[in-house]
Structures are given as structure tokens and as C-alpha cells.
Amino acid sequence: MHSDCIVIEGSNMAEAHPVGFQWVMEAKRRGATVIHVDPRFTRTTAVADEHVPFRGGADIAFLGGLISYVLENELDFRDYVTAFTNAADIVDDDFTDSGDVDGLFSGYDPDTGHYDPASWALDGAYRAPAAGKRDAWESQMPDGPRPGADPMGHHEPRRDETLTHPRCVFQVLRRHYARYTPEAVARVCGMSVEQFLQVARSVTENSGRDRTTAWVYSVGWTHHTVGVQYIRAAAILQTLLGNMGRPGGGILALRGHASIQGSTDIPTLFDLLPGYLPMPSAHHETLADYIDADAAKTGFWGDMDAYTVSLLKAWWGDAATPENDFAFDWMPRITGDHGSYVTVKNQIDRKSFGYFLVGENPAVGHANGKMQRLGLANLEWLVVRDMQMIESASFWQNGPEIETGELRTEEIGTEVFFLPCANHTEKSGSFTQTQRLVQWRHEAVHPPGDSRSELHFYFHLGKRIREKLAGSTDERDRPLLELTWDYPTSGIHEEPDVVSVLAEINGADADGRPLSTYTELRADGSTTAGCWIYTGIFADGVNQADRRKPGSEQDLVAHEWGWAWPANRRVLYNRASADAEGRPWSERKKLVWWDEEQGRWVGHDVPDFEATKPPDYKPDPGATGPDALAGTDAFNMQSDGKAWLYAPSGLADGPLPTHYEPVESPVANLLHDQQDNPAREEMNRAWNRLNPSQSEVFPYVFLTYRLTEHHTAGGMSRTLGYLSELQPEFFCEVSPALARERGLEHMGWATLISARTAIEARVMVTERMKPLRIGDRTVHQIGLPYHWGSNGLSVGDPANDLLGVVMDPNVHIQESKVATCDIQPGRRPRGPALLEYVADYRRRAGVEPGGIQ
Amino acid sequence: MTNVFDAFSGASTSLYGELPNPAEDAGFDGERPKRVGFFTDTSVCIGCKACEVACKEWNLVPDDGSDASDLYRLTGMSYDNTGDLGASTWRHVAFIEDVRPHSGASAATGDRASTATGVEVTTGHLPSALPAVSGGPVPGAPRDAATAPPDGGTVDLLALLPDDGASGATGNGAQGAHGQQTPDDERDVRWLMSSDVCKHCTHAGCLDNCPTGALFRTEFGTVVVQDDICNGCGYCVPSCPYGVIDVRESDGGAHKCTLCYDRLGSGLEPACAKACPTNSIQFGDLDELQATADARLAELHGRGVEEARLYGRDPDDGVGGDGAFFLLLDEPEVYGLPPDPIVTTRDLPEMWRNAALTALGLGVAAVASFWRARK
């Protein structure tokens with residue numbers, strides 16, 4: 001809303017996030033320029049000022065081009081860059097850049113497909129990452145910490161404040177992106193040089209002291225084998241332009257579903273504990289081991305011991321004592337990748353036997369539906385909690401593999417428990433949205449019949465398990481028996497009091513009084529906090545998320561609407577909204593500043609800085625935690641307080657984003673010899689074959705996405721008449737040129753084929769799809785909304801069945817936004833003939849054969 | 001309340017022309033609320049269809065296709081699958097896809113004729129709004145009628161499109177004005193979205209032609225059908241110059257937007273306006289909405305959006321101005337709206353007078369003939 005320019009890239013915000021999009025339209029009303037960079041012309045594009053059509057999977061080339069444009073034309077916000085970034089740090093001379101040799105960074109082992117990040121270090125200092133592979137230093141290196149790299153991180157790296165040293169980050173960055181010229185970018189992306197320059201001008205003219213640009217992305221960026229590096233590239237650009245920590249700036253990660261943000265804050269992810277604490281690994285014997293390995297010693301992660309001990313106290317209460325290491329031993333451990341796709345692989349291999357599906361319909365919604373359904377068919381038991389009979393609960397009866405004969409109902413041993421659940425209007429609780437704003441909602445109607453809230457289900461499941469274990473003296477049962485599991489209940493169904501859960505998340509002091517902020521947390525066991533970043537949401541015993549004072553009655557930040565973590569702060573790292581001396585960069589963009597008279601940080605927002613630390617504060621040598629950060633170290637979750645233009649640690653696939661082609665791409669990498677991400681994760685199994693890169697058998701690119709009218713895998717929309725009538729059938733969007741090339745008719749049928757399977761869809765011929773010219777060939781992109789399955793009022797083949805699974809090495813997310821296929825007019829073969837049809841494609845493409853093992 | 005029969009007396013002029021206060025005209029006295037309406041600003045519409053769903057949810061309107069055998073089938077009209085306003089669609093979002101020559105100043109298109117704003121359509125429209133498969137009125141009919149299929153069936157899109165490279169010149173040159181002669185990458189796509197609704201006309205033809213009194217003017221100046229009085233005669237259907245009201249086969253009654261009459265009484269805004277995420281649909285007192293719309297239009301013109309215009313705002317138009325009016329980004333026909341709607345009752349007084357004169361004349365002639373016969 002306060003942005004002067006909004007670039008939406010990797011997101012179809014108007015269609016997938018229409019409610020949040022109101023603020024983009026409000027910014028536009030106020031004069032902001034809205035740019036949509038997207039392979040398709042969508043409803044977002046329709047109301048944008050500018051559309052830049054380009055090829056899916058070429059974002060790093062595009063962003064790298066913008067970074068290069070900024071650096072070569074010296075358009076970076078230099079005062080910001082020198083004050084708040086690591087641009088001046090000198091990189092160790094062991095480092096070789098991917099630009100220097102064939103697209104690989106130093107440290108790559110072709111046998112394992114992994115990088116050893118040791119050579120990426122800064123000269124003279126190890127920098128602990130604030131996220132990502134935090135304990136890589138320990139666990140990925142057999143010999144433990146490297147000599148010369150002090151894990152205590154006390155040594156300052158050598159710096160060159162003039163940014164001219166050939167090995168300083170600024171110059172490394174410049175060289176790395178030197179080949180990303182406007183001409184090269186235009187060739188890789190399939191846009192014109194003029195289109196690229198127009199965006200470059202809009203963005204740079206709308207950045208600086210007086211103006212700010214925001215970048216918006218969604219799963220159009222994350223669902224790639226280099227997804228993390230996409231976002232890193234945007235972070236580098238926005239940092240160079242000085243758009244971080246300032247009103248109207250930033251990088252907005254739109255989450256895919258109500259409170260998906262909340263489900264990473266208090267996570268459903270295997271490798272995280274609440275508040276982005278890393279999950280302990282099996283090699284962490286003691287709490288001290290874990291903290292040593294994962295906590296930076298400087299910056300706010302330096303207080304990770306306080307956050308962790310408070311979490312342990314919240315979970316195990318009086319049973320967590322200094323003597324038993326605060327029950328750290330009871331915490332589960334991870335031994336590697338336990339993500340969704342590895343779990344499904346283990347199901348198929350009969351290593352994993354039980355499965356809860358809650359608000360998830362993987363038979364339709366996840367990549368490679370066949371793999372998902374094979375996993376389900378090999379379970380002993382499956383619990384599905386949903387509002388509708390979704391495909392993941394009925395796969396044994398009407399799944400595509402039943403039709404082809406690959407699975408036989410009578411041979412599937414999975415026992416399916418289908419439990420009806422309450423929807424969001426039928427239970428109280430909170431939603432945490434993209435901007436970390438937590439908003440409370442109240443139960444509007446009681447859930448019908450046997451439907452119950454998730455809280456009800458897990459609370460009573462836990463109670464019953466504890467009753468069954470009661471009296472056990474087995475040490476392995478103690479973590480369950482000692483849990484604080486005593487939430488008050490009400491009503492005939494004994495619904496747990498959700499506010500009491502919120503109070504536990506907030507935390508309390510030794511006397512049980514609610515805490516007000518996370519800086520009150522202690523490592524001595526005197527405080528509790530179920531999620532340290534949420535501490536303060538129940539300050540003074542009041543549900544702060546339930547505040548609804550209208551924005552019209554408040555100032556521009558509107559602090560009294562809901563509550564944002566952390567500390568009700570609306571713009572993270574907002575110290576950067578003031579210059580090195582603590583003065584606002586400009587009157588128009590003032591947010592937080594140093595008040596000399598009061599001796600503290602003041603402003604419209606809650607300052608993201610220690611309130612009384614002056615701008616000229618210099619830490620003592622050897623200081624730890626927040627004390628080790630200077631008065632200009634705005635990015636205070638980082639161990640050095642700096643925004644990282646260059647990431648010396650934390651990433652699995654390089655310190656700088658490099659353009660790699662999607663694994664299934666119709667074209668060669670025009671920027672580097674290395675075709676695709678060398679550190680990607682693959683699963684080469686009969687049920688997960690990949691199309692060869694640049695295959696003439698699979699010459700077209702397809703993109704998967706959502707429509708406004710449907711909800712993800714369709715359980716909540718294909719079952720409703722009012723929504724089904726709005727987008728009643730599965731369709732594919734193709735350009736007139738592709739329709740002509742393949743003989744496709746508008747509203748006729750088409751069959752789409754990959755090495756996984758073949759599916760059919762109605763054809764929508766539209767000028768909104770444009771063929772692109774990449775190098776010397778024309779690339780056609782096909783659009784596939786992925787909502788459909790076999791159940792409900794509106795039915796169709798699942799688009800995700802066409803996808804294989806190949807993953808980003810940092811976060812194990814699949815590449816589902818870009819893959820290749822063939823398209824032919826007419827309907828697909830039925831029954832076993834479908835298998836033969838696909839097998840023929842595999843043979844012609846040189847893909848390994850194989851059916852279900 | 002005025003109806004056709006009053007017109008005979010010549011006592012009222014409220015069938016046509018400017019009428020500041022239709023509720024007063026209908027007999028509501030001084031204590032009534034101000035006239036309310038919708039201002040639909042299509043320039044910020046994102047086509048989410050929340051209005052369609054909210055309307056059906058609140059008003060218990062059935063699935064659009066409940067009467068049809070082809071429920072849950074794509075229409076092929078871009079992202080529009082409800083087709084048109086009707087008895088079971090009281091809010092309808094139209095999607096208009098078309099192509100224009102590249103507005104950019106690239107060398108390839110520099111010699112191409114275009115206006116200063118670069119919006120003039122010099123190639124034919126690619127009609128996204130193809131005729132509804134179920135028949136009925138054609139929403140968003142293509143501006144160039146030549147692109148519409150003569151049989152009302154599916155348009156052969158491919159025939160409208162250029163071939164690649166050299167073959168394009170021969171293949172499509174013959175198609176004249178609507179042959180696409182611009183290569184794919186030199187054409188800009190435009191996708192207009194607009195949520196249409198009953199206009200709640202100042203002079204409502206449906207109401208004035210309703211013989212049972214089922215349609216009435218509310219104290220808010222809106223027009224509402226009373227389900228329990230409507231006998232399904234259907235006189236209202238051809239009386240609407242916009243093709244809004246229709247009879248539902250399943251219950252035999254005529255239905256259309258009530259502007260959520262039941263919500264207004266409780267101080268709530270209509271469901272569609274409440275659900276609209278971008279404030280494209282604005283509800284309020286009509287005079288305030290008109291001021292808002294005038295300011296928005298001036299703002300857009302100030303930014304060079306010359307094609308922006310208001311539709312239904314003018315109290316001098318053929319229906320005396322609309323209670324629900326629009327900001328459009330092209331001519332009304334592009335959105336499937338009549339360019340110059342005229343209430344079907346405009347000529348009624350004159351017609352009745354003519355009829356009366358004729359009757360009188362015939363009477364005189366008859367008397368005269370008897371007179372002569374007796375002679």
C-alpha cells in the first residue's frame with residue numbers, strides 16, 4: 001500500500017490471493033506502478049500496468065540481469081549498502097565462482113552431488129547462518145569444525161569499505177552477474193531487451209531514499225529445484241536497492257493457504273520446532289551440543305538457549321529441570337530428510353506404515369499422483385480428516401490405478417479411517433497471514449454431526465494414548481506421560497479451551513504471569529514459551545490477536561488490529577528505515593528513527609532494535625548475543641547483523657544464485673555449461689521417471705497453477721455447486737499457434753503425456769498464452785490448473801499426475817511449476833491401454849521402462 | 001406507483017425522462033431513506049466472481065445450471081461459465097479477451113497505424129465471449145459482428161488467427177479487417193472483467209409493465225420482485241432494455257437482483273459489495289456514488305486512461321439513469337451492454353393517446369355510419 005512500484009513475479013496474486021490483492025489495487029489507486037512478470041497473462045496481469053511475459057524457470061536469469069543492471073550502472077543505494085550489508089566483506093581466496101568455471105562453485109563433489117561449503121567462507125571469519133543448513137559445519141563435515149574457521153564467530157572478516165577489493169563481496173557479485181546482460185537475459189527469458197530495460201528502469205527509479213519497491217512471490221518461485229536461490233536473488237536485488245526494512249519495500253512471500261504462515265511458525269515441518277528453532281539431530285547428544293551446533297553466538301540467535309529451554313519448559317513443565325537437561329533427551333531427533341516425498345518413498349518401500357492426512361489431498365494436490373497413491377496403497381493404516389470424501393481417502397476404490405489395473409482393490413491392505421472435521425467457521429482459533437499478522441476468529445456455528453476441530457482431535461487422541469500408557473515405567477513413554485496436557489474443556493464434546501493454548505504459546509514467568517516479549521525469556525528454566533516469536537500475543541493476559549480497531553481509527557501502521565510477531569512489529573528490520581546515524585532516509589519514507597533527546601528508537605512502528613542502543617554503538621570485542629551487534633547492525637537475526645548479499649553458509653547449492661534450467665527443460669542453459677542445479681535431489685524409481693532434458697518427444701513446457709474459483713486439491717470447492725459451476729471442467733490453456741501446430745480445437749479434448757502418465761483435458765485456446773522465442777527455437781507453454789480429481793460435482797484428471805518429483809536441496813520442495821510434456825488432440829486411452837501408450841512414449845524418449853514394483 | 005394503465009390517463013410523466021426521485025414518484029413520503037445503488041468500477045475488477053457466489057449464498061439462488069442438462073460444462077467463453085445475467089445469476093462477471101497491436105514503440109510495430117493511446121483496435125477481436133451454448137442473449141458480443149458465427153455455434157478460433165511466418169500472408173489476408181496480420185509476439189492481449197447486475201433503472205420497464213404488481217419500487221428507490229405475487233407471465237422479460245430479468249423454469253417465477261432488499265433494512269450492504277475484495281463493487285447513497293465515480297473518472301483521465309467512461313450515470317439517458325452504474329474501459333458493446341438503452345415504456349403515453357384517438361375516430365366513424373344508415 002505504501003509502495004511506489006510492486007513487482008509480482010512467480011505469483012498470480014489476484015487469482016490466488018484476491019483478498020490480499022486489495023492492497024495492491026489500493027497502492028495502484030495511489031499511483032503505484034504494478035508490474036507482472038509471468039509466463040501467463042492472468043487476472044493479475046489484466047490489472048497490472050505492465051506485463052512481462054517470459055519463460056517459466058528463468059527467474060534467476062531475469063533477477064540476475066536486474067542485479068547486473070543495478071551494479072553496472074551504479075544504481076545501488078550506496079549509503080544503505082555500505083551501512084547495512086556484507087558488501088565490504090572479503091571472500092576467502094579458496095572460493096571459485098560459478099561464473100569462472102562451467103557453472104559450478106568450488107567445493108562440488110560430483111560423486112555425491114553435494115557441495116562442501118568450506119571454500120565459500122569469508123576471509124578471516126566463519127559466519128553462522130540464521131536459517132537453512134545451520135549445523136552443516138558439524139554434520140556435513142566428517143572432521144568437525146575446520147581449522148581457521150572459528151565457530152564462535154568472534155573474528156571479524158577482513159573488510160574493504162571502498163568496495164573495490166577484487167575479492168570483496170560487492171566485486172564478487174558484480175563479476176558473478178556480469179554475463180547476465182540485458183541481451184543475454186532477453187534470450188534466456190524469451191522477452192525483448194526493451195521489456196527487460198523497462199522493468200529495470202521502473203524498479204530503479206522507484207527505489208532509493210524517497211521511494212520504495214516491493215517484490216511479491218508465491219509458489220511460482222518456491223516450486224523449483226533452485227527455489228531457495230530464486231528468493232535469494234530477490235533478496236540481493238532488494239538489498240542493493242535499499243528496499244528492505246522500509247515502508248512499501250520488502251519481499252512478500254504469499255502463502256498458499258490461510259495460516260500456512262502459522263503452520264511454519266508453529267510448524268508442521270519435520271526439520272523445525274516452533275519459532276524456527278531447528279529440529280535436533282541424532283548426533284546432538286545434549287542440549288549444549290544442539291545449541292553449540294545450531295545457534296549463532298552473536299545477534300538474536302545468540303539467545304537460542306533461552307528460546308529452547310522455554311519451549312522445553314512449556315512442553316514438559318516441572319518435569320524439565322536443569323538436572324535432566326530440561327528434558328532435551330525426550331525431544332525427537334532427525335537423521336536426515338524426513339520430508340513428504342521421502343516419506344512416501346518409504347511407504348512404497350514398506351518402511352513407513354501409518355499416515356495422517358489432515359487438510360491435505362496428496363492424491364490430487366501433490367506432484368506425481370501415482371507415487372502418492374502407491375504410497376497410500378502400501379500403508380497399514382491411514383487416517384483422513386476432511387470435510388469431504390477426498391480422492392486420498394477413496395484411492396483404493398476409484399483411483400486411476402484401479403482403472404489401469406495397476407492396483408486391485410481386493411489386494412490393497414490399507415485400513416482407511418475417515419473422520420469428519422470442523423471447518424474454519426466452526427471452530428475458534430487464529431490465522432497467521434503472509435505479513436506475520438495473527439488474527440483471531442470465533443466459532444460462528446457448531447460443527448455438524450461428528451465433525452470436530454483439530455484441537456479437539458489431537459487433545460483427546462493424546463489423552464487416550466496417555467490413558468493407555470498410564471502406569472508405564474518404560475523410559476520411552478515418559479515424554480508422552482510427562483507432557484503438560486491439561487487444557488480446560490467445555491461443552492458436551494469437551495472442546496479444549498483454545499485460548500489456554502494461546503497462553504501456553506505466549507509463555508509465562510515463574511509465577512505464571514504472561515510474558516510481554518521474547519527478550520524476557522531466560523535459559524535457566526524460569527520462563528516458558530511454546531513459540532518464542534509469539535511471546536507477547538497474550539501480554540497482560542489479553543488475547544492481542546483478537547483486537548479489531550478499524551484502520552480508519554488508527555495511524556498508518558494500525559498496531560491495534562490483530563497482533564504481528566515478533567513484538568507486534570509490522571515491518572521487520574525496520575532499523576534500516578533510518579540511515580547509519582539513525583535519521584529517516586526521507587520524510588516520505590520515515591518509519592523508525594533515533595531520538596537523541598529521549599535516547600531511544602522511536603517511530604510509527606515498534607522498532608526492530610534494542611530500544612536504547614544508539615546508532616554509534618560499537619560492541620566490545622568478545623561480546624555475545626545481541627550485545628555483539630553494532631548500532632548499525634539492522635539485520636539483527638543475522639550473526640553479523642548484516643543483510644547478506646553473499647551467503648557464506650547456510651545453503652546447499654551455492655553462495656550466490658546462478659541460473660540453472662529446470663530439470664525438464666526444452667532448451668539448453670544459455671548462460672552456463674552446467675544445465676541444471678547440480679545439487680538437486682532426485683528419486684530415480686520406476687514410478688518417478690523424468691523426461692530427458694531437451695527431448696523432442698516431450699517438446700512442450702507445462703505450468704501448473706490454481707484458479708480463483710477452486711481451492712487447491714478441490715475438496716472444498718469441487719464439492720460445492722456454486723463454485724463448481726464457475727470452473728466446471730479441467731482444461732488446458734494453449735496459444736493459437738500451438739493449437740495450430742498440434743491440431744487442437746477450442747473446447748475439444750487434448751491428451752497430455754509425460755514419462756509418468758497421460759491425462760486428458762478440455763482445450764482452451766487463448767491469446768493469453770504466447771509462444772516464446774528462446775535462442776533459436778520457439779517454446780510453447782501449456783497452462784494446467786491442477787484442481788481436479790475423480791470425486792465431487794466437477795471431476796477431471798489430476799494435472800499433478802503429469803509431474804515427476806525432483807527437489808530443491810535446501811528445503812526438499814518439488815519442481816512442479818515447470819516440466820515438459822507432449823500434447824495431442826483427442827481423449828486419452830482407457831484402462832491398461834493407457835500404460836502401453838505411456839510406455840511407448842518412454843521408449844521413444846529413451847526413458848528407462850518399468851511399472852509398479 | 002406508475003404503471004401502463006396510469007399512463008392512459010396522462011396523469012404522470014414518470015415513464016420517461018429525468019426523475020430525481022423514483023421512490024417519491026412511487027408514493028413514498030418524506031421520511032424514506034435516500035436512493036441507494038451500486039457503482040461498479042470495472043477498472044479494479046479482478047474477475048474473482050466472489051460477487052456471484054455471495055449473491056447466490058445470501059439470496060438462496062440455485063446453481064446456474066440447475067435447469068440445464070449440461071450442468072458443470074465449460075462454455076468456452078474465456079473464464080465465464082455462467083454466461084449471462086438471468087433468473088439464477090443476479091451478478092455476472094463478464095470476461096472479454098481481445099488482442100491489439102503492440103502498444104510498445106518497438107521497431108517492428110513502429111510503422112503500424114495506432115492512435116496516440118495505442119488502444120485502437122486495428123486487428124479484429126478474438127471473441128472470448130462466444131455465444132452461450134444454451135442459447136439466449138449473447139453477453140459481451142464481439143464488437144465486430146463479422147466474427148460471430150452465423151449459426152450461433154462455436155466460433156472457429158483458428159480461422160481467425162494468423163499462420164506463422166510467410167504462410168500467414170496468404171492465409172489470412174483474405175479475411176480482411178479481422179484477419180490477424182500481426183505476429184503473435186507483436187500483439188498485446190487485453191482481458192477486461194466486469195461484474196454486471198440489474199441496473200435498478202429510474203424508469204424500470206419491468207416494473208411498469210408488470211400486470212400483477214409483483215414488481216415494485218422500494219423505499220430505497222430500488223426495484224424488487226415479490227415472489228409470492230409474481231405469476232410468471234413474463235411480461236417483464238422483454239420489457240427490460242438490458243436483458244436482466246428472466247423467468248426460472250424450475251419455479252416459474254421471474255427473478256433478478258433485489259439489491260439485497262432484506263439486508264438494506266438491517267443496515268447491511270448487499271452481499272456482492274460486501275464480498276468484493278478490491279472494492280470494484282461499491283454500495284451507497286446514489287448521489288455519493290455518483291460523486292465518487294466522477295472523481296474516479298477524472299483521476300483516470302488525468303493519468304491518461306482516456307478510454308475510461310461512466311455508463312448508466314446520466315439521468316438524461318433512455319432510462320432516466322441507473323441506480324447501478326459502471327465505470328467501463330471501453331465502449332459498452334464490448335461488455336455486452338446496450339449503448340443507448342431506452343425504457344420500453346417511453347412511447348407508451350403516445351401509443352395510448354394514438355390508440356385512444358384511433359378508437360375515438362373509429363367510434364365516430366361507426367356512429368357516422370349508423371347515422372348514415374338510418375338516413
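**Figure 1. The contact between chain A and chain B.** In this predicted model, 40 residues of chain A are in contact with 36 residues of chain B. On the chain A side, at least two residues each come from α2 (21-29), α3 (43-46), α23 (721-724), α24 (736-742) and β24 (758-765). By class, the chain A residues that touch chain B comprise 20 nonpolar, ten polar and ten charged.

**Figure 2. The nonpolar cores and the surroundings of A:I6.** The largest nonpolar core holds 233 residues, and the members that touch the most others are A:I6, A:V216 and A:L237. Beyond its neighbours within four places in sequence, A:I6 is in contact with A:V24, A:A27, A:A32 and A:V34, and also with A:A214 and A:V216. A second, separate core consists of 67 residues, including A:Y341, A:V364, A:A367 and A:L407. In soluble globular proteins, nonpolar side chains tend to be buried together.

**Figure 3. The packing of helices α8 and α9 of chain A.** Helix α8 (residues 182-189) and helix α9 (residues 193-205) of chain A have axes that come within 8 Å and cross at roughly 115°. The two helices α8(A) and α9(A) are therefore roughly perpendicular to each other. The crossing of α8(A) past α9(A) is right-handed. From α8(A), the contact uses A:P182, A:E183, A:V185 and A:A186, and these meet A:V193, A:F196 and A:L197 of α9(A). Six nonpolar residues and one charged residue make up this contact of α8(A) with α9(A), with no polar residue.

**Figure 4. The packing of helices α15 and α17 of chain A.** The axes of helix α15 (residues 340-348) and helix α17 (residues 369-377) of chain A lie 7 Å apart, and the helices pack at an angle of about 50°. The crossing of α15(A) past α17(A) is left-handed. Where the helices meet, α15(A) contributes A:V344, A:Q347 and A:I348, while α17(A) contributes A:M371, A:Q372, A:L374 and A:G375. Four nonpolar and three polar residues form the contact of α15(A) with α17(A), and no charged residue takes part.

**Figure 5. A:L241 in a loop of chain A.** A:L241 is located in the loop between α11 (227-240) and β7 (251-253) of chain A. The residue A:L241 counts as buried because 26 C-beta neighbours lie inside 10 Å, where the cut-off for a buried residue is 20 or more. Apart from residues up to four places away in sequence, A:L241 touches A:V70, A:D76, A:F77, A:T204, A:S207 and A:T213. A:L241 and A:S453 are separated by 212 residues in sequence and by 46 Å in space, C-alpha to C-alpha.

**Figure 6. A:V499 in helix α22 of chain A.** A:V499 belongs to helix α22 (residues 498-506) of chain A. With 17 other C-beta atoms within 10 Å, A:V499 is partly exposed. The C-alpha atoms of A:V499 and A:Y786 are 37 Å apart in space, and the two residues are 287 apart in sequence.

Figure 7. Most residues other than glycine have a negative phi, and most peptide bonds are trans. The peptide bond from A:W565 to A:P566 is cis, with omega near -10°, and A:P566 sits in the loop between β17 (563-564) and β18 (592-595) of chain A. Although A:D325 is not a glycine, its phi is positive, at about 60°. A:D325 lies in the loop between α14 (304-316) and α15 of chain A and counts as partly exposed, with 18 C-beta neighbours inside 10 Å. In chain B, B:N279 is likewise not a glycine and has a positive phi of about 65°. The loop that holds B:N279 runs between α8 (271-275) and β8 (281-285) of chain B. B:N279 has 15 C-beta neighbours inside 10 Å and therefore counts as partly exposed.

**Figure 8. The fold of chain B.** Chain B contains ten helices and ten strands. Of its 375 residues, 44% are buried. Among contacts in chain B between residues at least 6 apart in sequence, 67% link residues at least 24 apart.

Note on methods. Residues are numbered from 1 along each chain as its sequence is written. Chains are lettered from A and ligands numbered from 1 in the order in which they are written. This is a predicted model: local features need pLDDT of at least 70, side-chain atom pairs count only at pLDDT 80 or more; totals for chains, interfaces and linings use all residues. Two residues are in contact if their C-beta atoms, placed from the backbone, lie within 7 Å. Helices (H or I, at least four residues) and strands (E, at least two) are DSSP runs, numbered from the N terminus. Ala, Val, Leu, Ile, Met, Phe, Trp, Tyr, Cys and Pro count as nonpolar, Asp, Glu, Lys and Arg as charged, and the others, Gly among them, as polar. A nonpolar core is a set of buried Ala, Val, Leu, Ile, Met, Phe, Trp, Tyr and Cys residues joined through C-beta atoms within 7 Å. A residue is buried if 20 or more other C-beta atoms lie within 10 Å of its own, exposed if 12 or fewer, and partly exposed in between; C-beta atoms are placed from the backbone. Axes are lines fitted to C-alpha atoms, for helices over the stretch in contact, and angles run from 0 to 180 degrees between N-to-C directions. A crossing is left-handed if the near helix is turned anticlockwise from the far one by less than a right angle, and right-handed if clockwise. Angles under 35 degrees count as roughly parallel, over 145 as roughly antiparallel, 65 to 115 as roughly perpendicular and the rest as oblique.
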